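Here is a short briefing on one protein. Look over the sequence and the structure before reading on.

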Amino acid sequence: MKIGITCYPTYGGSGVVATELGIELAAAGHQVHFIAYSQPFRLRGREQDIAFHEVPVSNYPLFEYPPYDLALATRMAEVAAYYDLDLLHVHYAIPHSISAYLAREMLARQNRRLPFITTLHGTDITLVGLDHSYLPITRFGIDESDGVTAISGYLRDKTLQEFQPKRAIEVIPNFVNCDVYLPLGEPEREAGRARYAAPGEKILMHLSNFRPVKRTADVVRIFSRIAREIPARLLMIGDGPDRSAAEWIAHRKGIQDRVHFLGKQSNVSEILPLADLLLMPSEQESFGLVTLEAMACQVPSIATGVGGVPELIEDGVNGRLFPVGDVEGMAGAAVELLSDPDRYSAMADAARRTAQSRYCASKILPLYERFYERVLSGDPTTAS
Ligand code: GMT
């Protein structure tokens, strides 16, 4: 198949999922065309059968807000016509589904068919879509899509409940490449850990876009309590609006020499396996992709049981779940686990097993391929 993919290309889970999907599809023999304002950050530009098409947005002085959605629609239609695309797959409803709708309608005037699929990722529904000004257009984008998927059962149910769309929503969970995200051998792991921690120190890790929803201040507070009990370091990976507040809290608590802010990192699969535990105390997560990536590396998470996270983490088996803001509980659980090697390794093994048995790319890719085929054949079960 020839597939156009649009996503937010900068740091963020939806862009990661879209990019990894494109890489997997190309590896399976499909032709993939990314269409976005910049190259998705996980694409290196050397992958076979993957092309990137930049969307130029003209900045005419009259435009206080350059119309990206229209420029995107135009580029989608151009790329689809030139490369004879079979379908478009857009990640994140706003504005991508609307641009895809416009591209489809433009091509219909030339008697060309260009169905599009929208994958809902979370904040496009839970935050953006529920902002009253965006609700009608988000619902329109969903209803006009030729197929809609959601990355968790939670997100599907939330969308049905809040938007009452006419279109059926298929759950296709996020995935991880278990051959890329995997535990390191002991010598390699020790060498990697030595860059950040002394022998015998535990490594806690957090990775996000440092938006308020990630509660990065809680991450530092949890770590501060852990560090009182056991020798440990915290690696904070990523960047965003709440980074300086998190730095300030680490400074105020006098633990700045144990908390390392590494900024945005492109080699996540090399850093995650160095951790003992991942901290993800988010306010909201429709899936929690980084948790899955950590699990594939045999690193369990201490997380909040919000949104779609309980679909991934079974409390006490492959990770731990707590209510939002329960800093004390999360710190206590981390200390308990890190002080009990048998319990820790059972949980770490279970985490890797969950990733392998349910969320490996090799298991999820065929679900997308079959969904594409159904949409292309006009299968009415893709509509409600
Ligand atoms: O969380 C965000 O800031 C936005 C969004 C994104 O584009 O990264 O994240 C959502 O999509 C991810 C990939 O499917 C999910 O793993 C995240 O849980 C989801 N975030 C929220 O629901 C808050």
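This is a predicted model. Of the contacts in the protein with a separation of 6 or more, 69% join residues 24 or more positions apart. Keep that in mind while reading the points below.

**Overall build**
- The protein has 15 helices and 13 strands.
- Its C-alpha trace spans about 70 × 45 × 40 Å along the principal axes.
- The radius of gyration is 21 Å, which agrees with the value near 21 Å for a compact globule of 384 residues.

**Surface and charge**
- The accessible surface comes to about 16,200 Å².
- Carbon and sulfur atoms supply 50% of that surface.
- There are 38 positive and 47 negative charges.

**Inside the protein**
- Of the 384 residues, 55% are buried.
- In soluble globular proteins, nonpolar side chains tend to be buried together.
- The largest nonpolar core here holds 73 residues.
- Leu25, Leu120, Met205, Leu272, Leu292 and Tyr372 touch the most other members of this core.
- Helix α15, residues 361–376, gives the core its largest share, 7 residues.
- Another core, of 32 residues, lies apart from the largest one.
- Among the members of this other core are Val259, Ala331, Leu337 and Met347.

**A residue to look up**
- What does Leu120 touch, leaving out residues up to four places away in sequence?
- Its partners include Ala93, Ile125, Ile142, Val148 and Thr149.
- Leu120 also touches Ala150, Ile151, Leu155, Thr159 and Ile169.

Definitions and conventions
Residues are numbered from 1 along each chain as its sequence is written. This is a predicted model: local features need pLDDT of at least 70, side-chain atom pairs count only at pLDDT 80 or more; totals for chains, interfaces and linings use all residues. Side-chain values use heavy atoms; hydrogens and water are left out. Helices (H or I, at least four residues) and strands (E, at least two) are DSSP runs, numbered from the N terminus. The radius of gyration is taken over C-alpha atoms; the globule rule is 2.2 Å times the number of residues to the power 0.38. Buried means under 20% relative accessible area, exposed over 50%, partly exposed in between (1.4 Å probe, protein chains only). Contact means heavy atoms within 4.5 Å. Accessible areas come from the Shrake-Rupley method with a 1.4 Å probe; for residues, only the protein chains shown count as cover. Lys and Arg count as positive and Asp and Glu as negative; His and the chain ends are not counted. The place of a charge is taken as NZ of Lys, CZ of Arg, CG of Asp or CD of Glu. A nonpolar core is a set of buried Ala, Val, Leu, Ile, Met, Phe, Trp, Tyr and Cys residues joined through side-chain atoms within 4.5 Å.
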